[in-house]
Amino acid sequence: MRRCRNARPMRSGHRDRGIVLAIVLVLIFALVTAVYAFQRRAIVDATIGRNRMDAMEADALARGGLRIAEALLMVVRAKYLGGEAGGNDEDRDAPPGLAALAGGGTGGVDALWQGIGRTPIRFEDERSLRIEIEDEGIKLNLNALVPPLGLPEVGGDEDEREAAGSDADREDDDGQSNASEEAVEYLTEVLDYIVDGMDRAEDSAAYDSEAIAENLLDFIDGDTTAVNGRNEDEYYRRQDPPYRAWNRPYVSVDQIGLVEGVDPPLLEALRRYVTVHPIASTSGINLNRAEPWVLKLAYSGTSGNRRLLDDKMVEDLYKLRSGGKLVCDDAGSDPRCVTRADVGNGDLANGSVYPPAALPAKPSVFRVVTTATVGDLTRRLEAIYDTRPPAGPQLLSWRRLRGVD
């Protein structure tokens, strides 16, 4: 058999070198992947560590803001107790814009807490703190709609106070306070107005304003029988975990979320309009300081024929405010004071405003929101302070805010 001249024997060296090259490439790829994973893990760990430090610093900064606000409210309280809030010559000569901010107190005192939120406090390395202080009296106090027994009515003429007292503070067989029909009617109109302004207008039909109004008042009245005659605890005992109607004044706005018919979207909408402070107070909306959307909730007129304020009356109130004027029960108490008859066409003087409020009103309970920013992280805290205790401002509640609430 003849061997082909061109044939050559195969050498294993070429095959071995190819295998080695493949192994080297795999090792290089594995090494690069390991280095990349290690580097990525190191960056992630460093970022997490930095974010945790920033979060802790932002929390501490926000809490420090609450302490600053507390000290400021101590100064405000001291000045009001010292009589400086009654208005001295220097305050009365204050510019109209500053007087409008005062809303019933001296320009200097109220400017202390009202102006602090306009400009954030800036620190080095992209750190800042904003402190916002708001009078809770500029909202509708739900507790005022079911005043506890034994507390006097505020404002209105004597006949109307007696009529309101016999209705709003009427007792059941156990001597406990109930919600009045006027309170239910008023709160129903308030809820209609708030629900109509909610972002999810298409869901407004899902809310029964009258039923929710009854539930809100039943939750804090002194008995266990609902306005419609059923047991107040029937719904609450079916919840998980079960609970009962509070049957005492609300202690926080969050507590409103426990009421039958109040879901999270409605609760968030209510926050812009209502408060529960001062607890057990019978005082209504402060007409001299409330925002326009809250002024719309003032119920004016004669008993049984009251209506929410219309846009024209709200505009007239703001014109007086921008001119440095205050609506007062006694026009002679301060040169800035005008009577309710001097507002717009004078309709505000027909009857009374429900719930009644002494005017001008002095702030006593404040809502403080502190916003601390460290780098890309932001922390927001909300606290409620009552300045009436003799020992100084008392912290009633606090919570961490999410988003833009």
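Tutor: On helix H11, the face turned away from the buried side carries Asp-311, Lys-319 and Ser-322, which are exposed; exposed means over 50% relative accessible area, buried under 20%, and partly exposed in between, with a 1.4 Å probe and protein chains only. Helices are DSSP runs of H or I with at least four residues, strands are runs of E with at least two, and both are numbered from the N terminus. The model is predicted, so local features need pLDDT of at least 70 and side-chain atom pairs count only at pLDDT 80 or more, whereas totals for chains, interfaces and linings use all residues. Residues are numbered from 1 along each chain as its sequence is written, and side-chain values use heavy atoms, leaving out hydrogens and water.

The buried residues of H11 are Met-313, Val-314, Asp-316, Leu-317, Leu-320 and Arg-321. Viewed down the axis of H11, these buried residues fall within an arc of 160°, so they line one face of the helix; the arc is taken over the directions from the helix axis to the C-beta atoms. An α-helix has 3.6 residues a turn, so residues three or four places apart point the same way.

As for length, H11 comprises 12 residues (311-322), which at 1.5 Å a residue should span 16 Å, and its end C-alpha atoms are 16 Å apart, in agreement. The expected span is 1.5 Å times one less than the number of residues. After H11 comes Gly-324, whose phi is positive, near 80°.
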